[in-house]
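Hello,

Here is the structure we talked about. Please look it over alongside the notes below.

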Amino acid sequence: MSEIANKLLEGTSKPAPRPAMLVLEDGAAFRGTSCAAEGEVYGEICFNTSLEGYLEVVTDPSYAGQIVTMTYPQIGNYGVNPDDAQAGEPALRGLVVRDMCTAPSNWRSVLSLPDYLRDHGVVAVEGVDTRALVRHVRDCGAQRAVLSTVDVDEASLLRKVRASEPLVGQNLAATVSCEKPHAVGAGDLPASHAFAVAPAVPACHRVVAYDCGAKRSILQNLVRSGCELTVVPWDTPAEEVLAMAPDGVFLSNGPGDPEAVEGTYSQVEKILGQVPVFGICLGHQMIAKAAGAAIEKLKFGHRGGNHPVMNLLTGRVEITAQNHGFGLVFPSLGELVPELSGGFKGHEDDLRFWARAGIAPVVDNPRFGRIRLTHVNLNDGTAEGVAFLDIPAFSVQYHPEASPGPTDAHYLFTAFGRLMDGREDYLDIDIAADRLAGWTFGEQAATVAGAEGGSHA
Amino acid sequence: MPKRDDIKTILVIGSGPIVIGQACEFDYSGAQACKVLKADGYRVVLVNSNPATIMTDPGLADRTYVEPITPEFVEQVIVKERPDALLPTLGGQTGLNTAVDLARAGILDKYGVEMIGCDLAAIERGEDRKLFNECMAELGIETSRSGYAYSLADAEAIVAELGYPVVLRPSFTLGGAGGGIAHDQAELHEIVGQGLELSPAGEVLVEESIEGWKEYEMEVMRDHAGNGIIVCSIENFDAMGVHTGDSITVAPAQTLSDVEYQRMRAASLAILEKIGVETGGSNVQFAVNPDNGRMIVIEMNPRVSRSSALASKATGFPIAKAAAKLAVGYTLDEIVNDITKATPACFEPSIDYCVVKVPRFAFEKFQGADDTLSTRMKAVGEVMAIGRTFEEALGKAMRSLENGRSGLGADGKDAGLPDGEAFDDLVARPTADRVFYLAEALRRGWTVERVCAATGIDPFFISRMADIVRVQENLRGMHLDELDADAFRLLKRMGLSDAQIAHLTGADELTVRTCRKLLGVKPAFKTVDTCAAEFPSSTAYHYKTYDADETEVAPKTRRRAMILGAGPNRIGQGIEFDYCCVHASYALAEAGFETIMVNCNPETVSTDYDTSDKLYFEPLTFEDVMDIVDVERPDGVVVTLGGQTPLKLANALAEAGVPIMGTSPEAIDLAEDRDRFSAILDEMAITYPAAGMASTYQEACVVADQIGFPLLVRPSYVLGGRGMGIVYDGAQLEKYMAEAAKISPDHPVYLDRFLEGAVEVDLDALCDGSQVYVGGVLEHIEMAGIHSGDSACCTPPFALSEALVSQLRSVARDLALRLGVVGLINIQFAIKDQVIYIIEANPRASRTVPFVSKATGVPLAKMAARIMAGEKIADLGLPPDDRRLEHYSVKEAVMPFGRFPGADTVLGPEMKSTGEVMGIAGNFPAAFAKTQLAISYALPEGGTVFISVCDRDKRAIVSIARDIVRLGFKVVATGGTARALRAAGVDCEEVKKVHEGAPNVLDRIAAGEIALMINTPFGHATRADGYELRLEAVKHGVTHVTNLAGAQAMVAGMEMARANGLTVVALQDLPQWG
């Protein structure tokens, strides 16, 4: 920005502008100004359409290897409460926003987002026409990008980004998994959520959770629904897990290309059928890989908090939080079983066919028997959830823990408990009945209030 | 599930006249609903008394009844049309209440009409405070704690639990009279004591105060399968204590973290389910304690509301359309997202811009009224602005208000604000202009913290404003040529207008514009697409921003016509003009144009994204309109259908080379400029009232000597009748001149001969340059001196001779041709002693165009648009304009006095009405009676009529009083009037005037004895006896008439209604043309 422009900004909440630049491998370039740590970072460009919940996005380990663009222009408005973070350290490579707020306002805010990012060394740019960027990514697809505050020469950055390592094939889960097994329980729930989020029910199931980059809120939701958790590294051998004799095994979300996470899915194959299993996001893909299914890379992924997903068992639509760039190719799980699929014999590419028909089709999987498609994305007809009929296992591609996003699918945590209890109808839960299950209202809000900071789970 | 086929005919109830709190947003929602139901193959029957609506266009529903929205009339419609279902949730509170009345009275059951969308029980749970609180308690969601007090001791006991301050609301008082906030015991005793007395039930609700909390609104939709979505979250800029309708609001919510927002979301859906809203849209309001996040639900509306309209425009998600489809059985996942045309409507819109709504007030019209904003809505309209940031959107909104401001301050209009405590009060007290005082406070160096502490407004918003003000102040005093492209871009991104930049740099606006464009700083146009660009969208709903890497305007493929809308609703410029713009858009589309609508009013049909081919949601300023012209390159721009707002841009646009459609700016000027217009009238030998101009009392006396009293006086610098008055003698003139000099010393006052007792006539005509078509001649019921917008009128004229009417036509023809009108012209005549005077001529669509169109079956605005596009009247296929109509149509104005306790209710030359109703019947009195029913929902049936008239009217009142007695009413009158009546042999009781001591007429009103009040004031007096009387009448909801002509029509109407009953008629049964 010019000197005169800087002069106009004097005395505002905006810091003195320092140039920054984002360049995509196809040559698209976006200028802005630096709004957090200085540096030069490489990653896959993606965008998230959540209106709020930026801290949850920034700290979601599944964003490892990515430069995230927020589509909502003004980010940081309500500041940062570290209890809302999904991991101790942000794993994303960089952040792109239209406008970064340095003067936030919210009673729970401890520091501003730019300060938080700077503290954690995250490179971020503001002032970018993010809508133009998002339209470009939507039309031209996900690709490598470089974000730099040290080199703002377009040609130089383009050369560098084209030489950078692509995301496909990288095992990013390994980079965000825990180092050794550890327990997570009711004591780890953040106190500063108590004004709004229901306390844990008494623990009644012992669950081992594979950590491929698990979001804290998933673990917290499991704890709240009565799980006593042992969180283990991504590549923990199945034998060790089974030796703990858990009531169930949970497979977490995680970043990047599922093909590269063989260390997990090879073990999942051994666990399936032994104990009840529930997988979310990458965990869903791990189960699919274990069943021998194919995984595809989506053009620009699903990232946001407004995707409609139909539960084919109930016909109800859930508004879901999503964050994935790869997805299950449902027909690759096996041949359709017509007698369990409304008489239909052939697979449909667009799975919304089944939503319209009101049928939850079943395939015959060579390894694990019958698998039912339970959830379909109504925006693009991709697979969002499956349930195994011959072994106790189910998984969803989207995020029932939300964080950020709507909590319509909270019932899936309840369902996992019911599965571990051996109930056949474990997935048959009315969203409306479960609607307020995870929340609390009322007087305790006022009394626990002001517990800023709290325990950092 | 597909749509229901067990229902064929659906009755839709509209919301009636535009009143404060219930405006044209319900035309928008109702019109959407009718359209979509009809498209789905249903037979739609509509009842709405408001003629200025798109929804009452005869083409929109199958059967359209412009009839009073009362259970009696709706039952008649039900008997005639035998609908299978009633959709009650799209007609505001009026529609909902009427549906409830019909259900409770057993009428729906009797005729087998099913209520769809929401059943009676759910409506009751949503509306009844006690039932609602019980439902919330069952959910475990907090409502504000409260209790009912029947004595002072009760109240104290409740306060012991809640603590001070408490909000006190006496039950069942009109307009919340007697309520207040008590901060200590003394105040508690005072207010509760008073409240117990005022409340017919002797009951006062004592409620914990949540003033100063943050306020949020969630727009929720649900289908019968139980799928629920949040369409939009809205955060109020003003803290709790200011009605949402009076508050600046922002979408989406700005300062809630995910955990807070998601909890509110889950609660909203749970509340909808609990209340039992089966399908459709609702809104839920919450208050959040800014110190600890404690969340309280304030209320929910089980229907489409004002905020639904705002949410629809803010997100692109058509709530009303979806609600109608859901009501007939579709589920959300079966409805396609209208904007993307590819994804389902079952999702939650994600937006990548910020939306700011700012209310528009009209306190200047209601002198004496308290202008402090409170929990009772007072705004008459609103604007919405879209920007990529709050700063950009706020700046746009502040220059959209049509109040002479160029943005958030920095336009030289804040000079003269006081200092010290007076200024502190301006900042602290919520008023119409407070946002400007906040900016001024920041400019004066108040810290963000100080402003927040004084106002309770969230620091987020104040910080953003502080940045804007800082940048403005940094710019102040710089020279325009110091600014480079980066600087310009920064200023524009901060929401500054060219006019503000001009003011701050001492340049003029055009130079700023030229300079900016030379530096290449041009805006981009982005799209409202419901999905933050995640999916491609084919709908051209655009807004302007200076995030200008990419613009999304599609290239031109055919002729483009651009229609400039009317901006925010305000008194004098309402929905009528939006109606005209929408019609023009339809007509020009039919004529092969690509139509482009520009407007900033979220309540309207014109800003529905499917009304025109393209919609630009932008302020109607020269800068903003020119920016759109630059990218769209329209072949013609329509400026004559949106009222004064676009009309005043005509010259500047023409000078900038923009092709104006229809009447040329030169012709507009000819009619608007007093001197030029007078010269034309002289040339054509048309009479007009003698007039003069004066700056001092002395000068005024000279003028008065020349033309004689009474005089119509008005300041020369305002439009819309503001500050107008009638003076009858030198003393009143002196007082008026003194006040005018105080308000605006630099502007002279116009003095016109006031034609006392003259009959006023409005005439709307089309002209193509060579032929004139008189659309309608409207005879006013009130005599001259009452603003034409406030006067009832009738077409065809009910008392004018045919010879006179044809004379009026001939004058109109000559004048329209002489002025060179191409399109619409409205002429106001006064007729006194058989002489025709021209009061004024407006070469544009008038307020009466929709009414005339409905009364005559000729859609004038559409025809005007076709003429502007080059067609000739001869080719339009119109019926002869002098044909005889078989029915009479009366338009009556609707007044907002109930909202402005303290304001005088006397009608005068300054317009005060917010809306209008129409009555259609075989004769004038019956049509007039329908309009009264449509407004007050009941005609006085019996009891006592109070009469007090000024000396001028004493003779004429006798025959009216005689009729009143004949109809079985008792008459009470004040001294002089009683004497006149008795002298004429009319039996009446005498009652004391207010200043004559107690007991007087006020007590009779307060006791509920008076069914009708006839009180005509004299001259300019506002503080006189009559003033208090009329205030009392408003407070107790007594029908009152302030002029004789109105009284006469009222009496005739009552008689007609009683004698024959009033029957309903569908517009489709009257002749329709075009």
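A:Ser62 is buried in this predicted model, with 30 other C-beta atoms within 10 Å. (Buried means 20 or more other C-beta atoms within 10 Å of the residue's own, exposed 12 or fewer, partly exposed in between; C-beta atoms are placed from the backbone.) A:Ser62 sits in the loop between helix H2 (54-58) and strand E4 (66-70) of chain A. Helices (H or I, at least four residues) and strands (E, at least two) are DSSP runs, numbered from the N terminus. Beyond its neighbours within four places in sequence, A:Ser62 is in contact with A:Gly213, A:Asn253, A:Gly254, A:Pro255, A:Cys281 and A:Asn323. Contact means C-beta atoms, placed from the backbone, within 7 Å.

A:Asn323 is also buried, with 28 other C-beta atoms within 10 Å. It belongs to strand E16 (residues 317-328) of chain A. Its contacts, leaving aside neighbours within four places in sequence, include A:Asp60, A:Arg303 and A:His399.

UniProt, in an unreviewed entry, lists a "binding site" of A:Ser62, A:Gly254, A:Gly256, A:Leu282, A:Gln285, A:Asn323, A:Gly325 and A:Phe326. These residues span 265 residues in sequence, but no two of their C-alpha atoms are more than 13.3 Å apart, so they gather at one spot. UniProt positions follow the numbering used here, feature names are shortened, and annotations may be inferred rather than shown by experiment.

Now the domains. Chain A is assigned domain 1 (18-162) and domain 2 (173-434); the bounds come from an automatic or database domain assignment. Their centres, taken over C-alpha atoms, are 28 Å apart. In chain A, 25 residues of domain 1 are in contact with 26 residues of domain 2. On the domain 1 side, strand E3 (40-48), H2 and helix H4 (130-140) of chain A each give two or more residues. E3(A) gives the most, with three residues.

In chain B, helix H26 (residues 697-707) has B:Ala700, B:Val703 and B:Ala704 as its buried residues. Down the axis of H26(B), they fall within an arc of 100°, so they line one face of the helix. The arc is that of the directions from the helix axis to the C-beta atoms. The face turned away from the buried side of H26(B) carries exposed B:Gln698, B:Val702, B:Asp705 and B:Gln706. Just after H26(B), B:Gly708 has a positive phi of about 85°.

On confidence, the complex has an ipTM of 0.96 and a pTM of 0.95.

Residues are numbered from 1 along each chain as its sequence is written, and chains are lettered from A and ligands numbered from 1 in the order written. As the model is predicted, local features need pLDDT of at least 70 and side-chain atom pairs count only at pLDDT 80 or more, while totals for chains, interfaces and linings use all residues; pLDDT is the predictor's confidence in each residue, from 0 to 100.

Best wishes

Definitions and conventions:
Two residues are in contact if their C-beta atoms, placed from the backbone, lie within 7 Å.
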